[in-house]
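The model shown below is a predicted one.

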Amino acid sequence: MQEAIFWVIFSTVAAVLLFTQVLSTNISKPNVQPPEEIKQVLPDVSKSDKNANLVYENYVLTKRLDQLAEEKKIIYGLGDYTGPQFNISVVKEGAKQNALQEIMDLLEQVKINIKAKITKEQSDKYSQTIDDIFSAIYEQLSASEGTLVNTYKIWQKNSGELTTYYILILFDDEYAMILIQNFFFDTLMTMKTDGLDFESLWKSAFTKVPQK
């Protein structure tokens with residue numbers, strides 16, 4: 001009889017402890033679903049303008065873009081320009097320059113992000129240096145086709161005697177960092193000694209750039 005009473009009490013206590021443990025686990029570890037990643041989509045002029053025809057595509061970049069989009073945010077510029085059909089080279093150059101200007105506008109936001117992350121003392125000492133670094137990148141944009149920037153796609157639209165070109169250009173932030181390290185090696189080392197790791201700030205700033 002005493003043995004039966006013992007097993008009844010033991011079973012009751014064990015059940016209570018088990019229920020308490022399960023309840024505690026569910027409270028401490030809520031079932032939260034991870035947010036779904038939104039994949040970056042590059043603009044496609046052919047979809048927004050049915051009269052624009054794709055006349056060029058960099059297929060090497062096409063194969064790499066899926067991987068690149070997962071690794072980091074892609075910075076691009078989409079420029080357009082309209083002019084007479086008999087002077088297509090001028091129209092193309094105008095579209096290219098507008099695309100590069102869009103990239104420069106985005107890089108200005110990157111610069112703002114970087115300056116927002118440093119202390120006032122560091123800003124007083126290195127604000128002009130950071131401006132010089134970005135100015136050097138801007139000067140290299142037009143001359144660095146295939147390295148710092150890459151033309152990805154070109155669309156053309158004809159309307160009477162006028163033609164419009166749309167050029168999509170991608171910016172390579174990793175190659176840009178290589179250029180910065182080459183041009184400003186001693187400066188970057190001095191900045192790092194003062195606790196300002198420009199390379200880390202450069203990489204993190206690109207994740208917050210509001211691309212159009």
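When residues up to four places away in sequence are left out, Glu-199 touches Met-177 and Gln-181. With Gln-181 there is also a polar contact, side chain to side chain, at 3.2 Å. Ile-178 is 21 residues from Glu-199 in sequence, and the two C-alpha atoms are 9.9 Å apart in space.

## The nonpolar cores

The largest nonpolar core in this predicted model has 39 residues, and those that touch the most other members are Leu-107, Ile-114, Phe-134, Phe-171, Ile-180, Phe-198 and Trp-202. Two or more residues of this core come from each of helices H4 (88-116), H5 (120-141), H6 (173-183), H7 (185-193) and H8, and from each of strands S3 (149-159) and S4 (162-171). Helix H4 gives the largest share, 9 residues. Another core, of 12 residues, lies apart from this one and includes Leu-65, Ile-74, Leu-168 and Leu-170. In soluble globular proteins, nonpolar side chains tend to be buried together.

Trp-202 has contacts with Ile-114, Phe-134, Phe-171, Asp-173, Ala-176, Met-177 and Ile-180, again not counting residues up to four places away in sequence.

## Aromatic pairs around Trp-202

Across the whole structure, a search finds 3 aromatic pairs. In one of them, the ring centres of Phe-134 and Trp-202 are 5.6 Å apart and the planes stand at 45 degrees, so the pair counts as tilted. Because Phe-134 lies in helix H5 and Trp-202 in helix H8, this pair ties together parts that are 68 residues apart in sequence. Phe-134 is buried, with a relative accessible area of 1%, and Trp-202 likewise counts as buried at 1% relative accessibility.

Phe-198 and Trp-202 form a further tilted pair, with 6.1 Å from centre to centre and 35 degrees between the planes. These two residues are separated by about one helical turn, because they are 4 residues apart in helix H8, and both are buried. Phe-134, Tyr-138, Phe-198 and Trp-202 together make up one aromatic cluster.

Methods
Residues numbered from 1 in each chain as written. Predicted model: local features only at pLDDT ≥ 70, side-chain atom pairs only at ≥ 80, totals over all residues. Heavy atoms only, no water. Contact = heavy atoms within 4.5 Å. Polar contact = N/O pair within 3.5 Å; in protein donor to acceptor, adjacent residues only side chain to side chain. Core = buried A, V, L, I, M, F, W, Y, C linked by side-chain atoms within 4.5 Å. Buried < 20%, exposed > 50% of the residue type's maximum accessible area, 1.4 Å probe, protein only. Phe/Tyr/Trp six-rings, centres within 6.5 Å; stacked < 30°, edge-to-face > 60°.
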